[in-house]
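Please consult the structure shown below alongside the text.

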2 protein chains.
Amino acid sequence: MEFLTGTVKKEYLEIGEIQSGDYEGKSVRVRGAVHAIRDMGEVAFILLRKQDGLVQCIYEEGKSHFSLQDLREGDTVEAEGICKKDSRSPLGFELRLGFVKILSKAAEPLPLKINRGKLNTSLEAKLNNRAVSLRNLRERAVFRIQEGITRGFRDFLYSQGFTEIHTPKLGARSAEGGANLFKLEYFHQPAVLQQSPQFYKQMMVGVFDRVFETAPVFRAEKHSTRRHLNEYTSLDLEMGYIDDFTEIMDMETGFLQYAGKLLEREYAPELALLEIRLPRTERIPKVRFDEAKRLAAEKYGRPFRNPFDLEPEEEALIGRYFQEEYDSDFVFVTHYPSQKRPFYAMDDPADPSFTLSFDLLFRGLEVTTGGQRIQDYQMLLEKIEKRGMETDGMEHYLAAFRYGMPPHGGLGIGLERLTMQLIGADNVREAALFPRDLGRLEP
Amino acid sequence: MEFLTGTVKKEYLEIGEIQSGDYEGKSVRVRGAVHAIRDMGEVAFILLRKQDGLVQCIYEEGKSHFSLQDLREGDTVEAEGICKKDSRSPLGFELRLGFVKILSKAAEPLPLKINRGKLNTSLEAKLNNRAVSLRNLRERAVFRIQEGITRGFRDFLYSQGFTEIHTPKLGARSAEGGANLFKLEYFHQPAVLQQSPQFYKQMMVGVFDRVFETAPVFRAEKHSTRRHLNEYTSLDLEMGYIDDFTEIMDMETGFLQYAGKLLEREYAPELALLEIRLPRTERIPKVRFDEAKRLAAEKYGRPFRNPFDLEPEEEALIGRYFQEEYDSDFVFVTHYPSQKRPFYAMDDPADPSFTLSFDLLFRGLEVTTGGQRIQDYQMLLEKIEKRGMETDGMEHYLAAFRYGMPPHGGLGIGLERLTMQLIGADNVREAALFPRDLGRLEP
């Protein structure tokens, strides 16, 4: 009988091993995709793309034992050569090629020039050729950064006693109700795709005290803007036994601090490649909704029309205000009007026309919505009645409250929006591997 | 201006702090849910449920300054009392109560007896009262174990150079095609819910070399069995530059070893509570599909009807065989017949009627399907043609191959099934917070 033991002896080097210098002067093997070929006549530079960078290989006529003509960009190969120190090479070392073994061939020349630094093409062309455009080093670095954010979110919350949950995306009804729901038939029953794990994460606070989820959400919003996606990844948390809704904002601040350090430590090459300036997170200002409106209106001389909501332009001005006045990329805007928040939001006892809620703006764009929720069963029923809503379909949600729930609150972060602002993109589609919008269901 | 700094000073203790002994003899405060009240007359035991266990609190008539009658199971409270060593208490310490402040009230008595060890009710009743049944310590421990598995999967793969991806669940078409798809209308276009991230993770191997995803998948299978869910969490990985499909099995073995150690280290209380015997993973036998069938048929005298597939009963017998003969809870069954595997599976060059693929059986149940994929564009087109399939709708998938893809393979693990087998449940619904099946869309 044969057995698997969990170990594979690898016959080829990774980039870290090449950079270590341990292989200087030795014959080594490297695998990767042919990213670029620069043919200078008797000499050619062949750049191999690996998951964490490029390996520069040198073809020399007469010394390399293969035909340069057999290689094409897009092929994947195993290259064998002598590892030599070279300060002009991106790794500090290069490979003087002896042999190249082709592992797989590209059938055609690539439709995009992916190997010239920044990909010089339209967003549409990038998205229409996603399997190729992401092979550009800068394009793919965006999603390494995105990994770092998600990883930071989870690791920080594990350290804070949160439990990870997986809640269903198919349901008979949805948390917030109303429009914006994708509907489908589920074995002859009407069903919807969840636009948020809101109800489920609240119910689970009664079980685990603190929970989080990182999962897709679905919104059938008929918006076609630079900041909307119809499917996105939501980083959700919900925490019990809070005294004040500022604790939720402090938890998010702690996450941002943690993620920043993780990115600096583990994703430095990607930060450098994308020239990302990490935001300062030691202290994040918070300001009331009405006060934020007033401050920005006064400073920038723009009268505000809607007293109950922030328009995108207002968000941008408030962001600018706190950038200029407090040198802060972030600002928590608190106490949103009750009529613009869902029924489960906790109204401010000091003035019930406002809620104990907040948005986080990052460089002028909302990336988080959160707040304290109602935990009292009767209060919840009264709010539902006051809004003229029905409790039909909410029986399971309400049961959690009927049998006792701690004071709690939470938030949801749009992963793609947070990534977009961090990398300085002007369209959220740049921060989604395969974005879904009004017109795009493929690839 | 006020600022958030990411720190919250907590005025109440967590279980680890109580257990440390640092507070012996001191007045402390603890928050939690009233899990059980055992009234003995002049003395009462009040068990507070926190995310990581129970705190035993003692009410003494005349010494405790509150009325026991005001408390009900399900209430959440802040209890203040003297921390005393007591070997009979689950933590080794208990609280002699002075005051209790009620944070929130349960409106009604709980519909299930959640505080008597094992929850003695039907699966249906548990699922119909999910917000309450999960408050049982054993029920909720299942999902802490599940967290450990998912966390182990991700952390191990990060350490192996994998990049985490988020692929869309809404699409115009699906990877494997055919039936079993939930269909919906997406802004006047027909759309489906993805039954697997297969196409996307393969495309991303051309970008990141190694990728993984932990996300929901949707299968409109009309099965009502103890092992099927219509929505489940799939742990997917895909890895490039492999020499042999055994490397994929070694990667899974490495994950199982890593996850086992993580569970032992971080989830010991839950393992103990559920009396889980962790499986041995130092070496996992692998056996060919046809050989496995033969071995089990011979030993257990059961003739096999279908030469192309394993029936559930056969899986159980093969599992039993390797348990008895090799003391192994796991067995990799390899070389499934080509006609039962999807078009992208790599056929065995030695005999193309079989594939370089595998399933992992855990205690007699399939928990993983994986294998090597075709990386060559022409070979892929030929296989599609040979099967009489159309390439319509596969343009983006095929483009990845047209422009070069490394040799690669991967696998998908059913998280709920793996959890189910680990905890020894006889129904996969026990291992889903909110299972979705033919008849269940709520809660």
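Chain A contains 12 helices and 19 strands. The model is a predicted one. Its chain A has 443 residues, of which 63% count as buried.

**Chain A: extent and domains**
- Along the principal axes, the C-alpha atoms of chain A occupy a box of roughly 85 × 65 × 40 Å.
- Two domains are assigned in chain A: domain 1 spans 15–104 and domain 2 spans 137–431.
- The centres of domain 1 and domain 2 of chain A, taken over C-alpha atoms, lie 46 Å apart.

**Chain A: contacts and surface**
- Considering contacts in chain A between residues at least 6 apart in sequence, 65% link residues at least 24 apart.
- Chain A exposes about 17,200 Å², with 47% of this area supplied by carbon and sulfur atoms.

**Relation between the chains**
- Chain B is superposed on chain A by a rotation of 180° with 0.0 Å of shift along the axis, at an RMSD of 0.0 Å.
- The two copies are therefore related as by a two-fold rotation axis.
- B:Leu184 is the residue of chain B that comes closest to the rotation axis, its C-alpha lying at 2.5 Å.
- Because 100% of the interface residues of chain B are also interface residues in chain A, the copies meet through the same surface.

**Helix contact in chain B**
- Helix H10 (residues 377–386) and helix H11 (residues 395–402) of chain B pack at an angle of about 145°, and their axes are 8 Å apart.
- H10(B) contributes B:Tyr377, B:Leu380, B:Leu381 and B:Ile384, which meet B:Tyr397, B:Leu398, B:Phe401 and B:Arg402 of H11(B).
- The residues of this contact between H10(B) and H11(B) comprise 7 nonpolar, no polar and 1 charged.

Note on methods: Residues numbered from 1 in each chain as written. Chains lettered and ligands numbered in written order. Predicted model: local features only at pLDDT ≥ 70, side-chain atom pairs only at ≥ 80, totals over all residues. Heavy atoms only, no water. Axes fitted to C-alpha atoms, helices over the stretch in contact; angles between N-to-C directions. Helix = DSSP H or I, 4+ residues; strand = E, 2+ residues; numbered from the N terminus. Contact = heavy atoms within 4.5 Å. Nonpolar A, V, L, I, M, F, W, Y, C, P; charged D, E, K, R; others polar. Least-squares fit on C-alpha atoms with pLDDT ≥ 70 in both. Domains from an automatic or database assignment. Buried < 20%, exposed > 50% of the residue type's maximum accessible area, 1.4 Å probe, protein only. Areas by Shrake-Rupley, 256 points an atom, 1.4 Å probe, with all protein chains shown as cover.
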